[in-house]
Amino acid sequence: MNTNEKKKIAILGSTGSIGTQALQVIEEHPDLYEAYVLTANNRVELLIEQARRFMPEAVVIANEKKYEILREALADLPIKVYAGDDALCQIVREKPVSMVLTAMVGFAGLKPTISAIEAGKSIALANKETLVVAGELINRLANDRHVDIIPVDSEHSAIFQCLAGEISPIEKIILTASGGPFRTFTREQLAAVTKAQALKHPNWTMGAKITIDSASMMNKGFEVIEAKWLFGVEPEQIQVVVHPQSIVHSAVQFADGAVKAQLGVPDMRVPIQYAFSYPLRLHSSFERLDLFKTSTLTFEEPDTERFHNLALAYEALRKGGNMPCIVNAANEVVNRAFLDDRIGFLQMSDVIAATMQKATFIKEPTYEDYLQTDAEARRIAGGFVGEY
């Protein structure tokens with residue numbers, strides 16, 4: 001890495017869990033990285049605080065109603081202030097930007113990620129919905145523009161690290177899952193869980209949406225779909241293994257039977273830093289794994305009857321086309337409905353399955369098809385939620 005010139009990073013979603021930890025990585029290496037652009041959806045007060053601390057070239061608030069608050073708060077600083085979805089897509093194209101960390105939540109991350117790829121920017125991918133919804137389109141665009149997509153998810157980063165230096169094909173990906181807070185619950189117990197229980201993840205600190213997805217194992221289902229597009233494997237080559245300790249972040253099995261795994265304490269700053277520094281590894285002050293304190297590592301088969309979302313994700317991946325997009329849209333609706341106490345925990349997968357049956361299937365979708373599918377699936381899922 002050329003240490004004479006800092007890598008200028010645009011962080012899409014700087015106020016979220018990944019974004020705030022990315023800024024910690026930048027603080028750890030101020031000689032190497034610069035927060036060039038910071039963006040948020042709604043959390044304007046934290047965005048203001050981050051802007052004053054990191055002095056980016058520009059900030060964007062997606063919610064245009066918050067623009068005046070942001071502009072006035074930063075009026076004394078030489079920071080450009082923008083608002084709206086179009087501004088997000090334009091700002092990632094700025095010539096000095098060398099890498100875009102896509103840490104926005106949900107379908108909203110798709111359009112600015114496409115814009116960044118079209119502009120030839122390297123992508124540190126933390127928005128899993130981008131590949132879930134439009135993996136084929138994203139891969140084609142990235143190949144056409146010769147753009148690197150480096151995964152930030154701890155599991156996909158682990159696989160990426162295991163593949164470094166390998167030229168042999170993958171026989172199997174072993175994708176680990178913590179199992180979430182309800183790993184040992186019966187279906188009867190799951191029917192009665194509350195959002196407060198679901199928001200208490202045993203190992204990771206994440207935003208509300210991804211924490212609920214983790215509790216329902218839809219997050220792992222999305223990671224299965226992501227793995228196909230990131231690593232060019234078939235669904236049957238991806239094995240989900242429940243590993244409650246979250247020390248083995250994932251593993252790869254090769255044709256000779258050898259398995260390589262990546263281990264570490266549960267700390268998202270490690271894969272974020274690796275995405276920023278790849279192919280180099282930089283020193284960090286982060287906690288080290290102490291194997292003497294990690295005396296037990298256990299592995300279990302996931303139960304797709306209790307956690308039906310995982311089976312639905314595999315089904316969507318096998319069907320292909322716009323089916324993963326349908327699943328993602330329905331999941332965003334039920335996730336929000338559960339957080340708003342409008343449906344129960346088990347009803348989330350019921351609504352997703354029903355939406356998969358009812359929404360229009362398109363075998364070879366275009367970008368416009370994805371937009372229409374997303375809107376249609378949200379309407380359908382919303383209708384089902386309303387029936388409860």
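Among contacts in the protein chain between residues at least 6 apart in sequence, what percentage join residues at least 24 apart? In the protein chain, 68% of such contacts do so, a contact being defined by heavy atoms within 4.5 Å. The model is predicted, so that local features need pLDDT of at least 70 and side-chain atom pairs count only at pLDDT 80 or more, whereas totals for chains, interfaces and linings use all residues. Residues are numbered from 1 along each chain as its sequence is written, and side-chain values use heavy atoms, with hydrogens and water left out.

The protein chain contains 16 helices and 11 strands, taken as DSSP runs (helices H or I, at least four residues; strands E, at least two) and numbered from the N terminus. The C-alpha trace spans about 55 × 50 × 40 Å along its principal axes.

Of the 388 residues, 56% count as buried (buried, under 20% relative accessible area; exposed, over 50%; partly exposed, in between; 1.4 Å probe, protein chains only).

The protein chain carries 39 positive and 49 negative charges, whose mean positions are 2 Å apart. Lys and Arg count as positive and Asp and Glu as negative, without His and the chain ends, and each charge is placed at NZ of Lys, CZ of Arg, CG of Asp or CD of Glu.

With a salt bridge defined as a side-chain nitrogen of Lys or Arg within 4 Å of a carboxyl oxygen of Asp or Glu, the count comes to 22. One of these joins Asp 76 and Arg 52, with the closest N and O atoms 2.7 Å apart. Asp 76 lies in the loop between helix H3 (67–73) and strand S4 (80–83) and Arg 52 in helix H2 (residues 44–54), so the pair ties together parts 24 residues apart in sequence. Asp 76 is exposed, at 54% relative accessible area, while Arg 52 is partly exposed, at 39%.

Glu 300 and Arg 183 form another salt bridge, at 2.5 Å between the closest N and O atoms. Because Glu 300 is in the loop between helices H12 (269–277) and H13 (308–319) and Arg 183 in the loop between strand S8 (170–177) and helix H8 (187–190), this pair ties together parts 117 residues apart in sequence. A network of salt bridges links Glu 129, Lys 209 and Asp 213.
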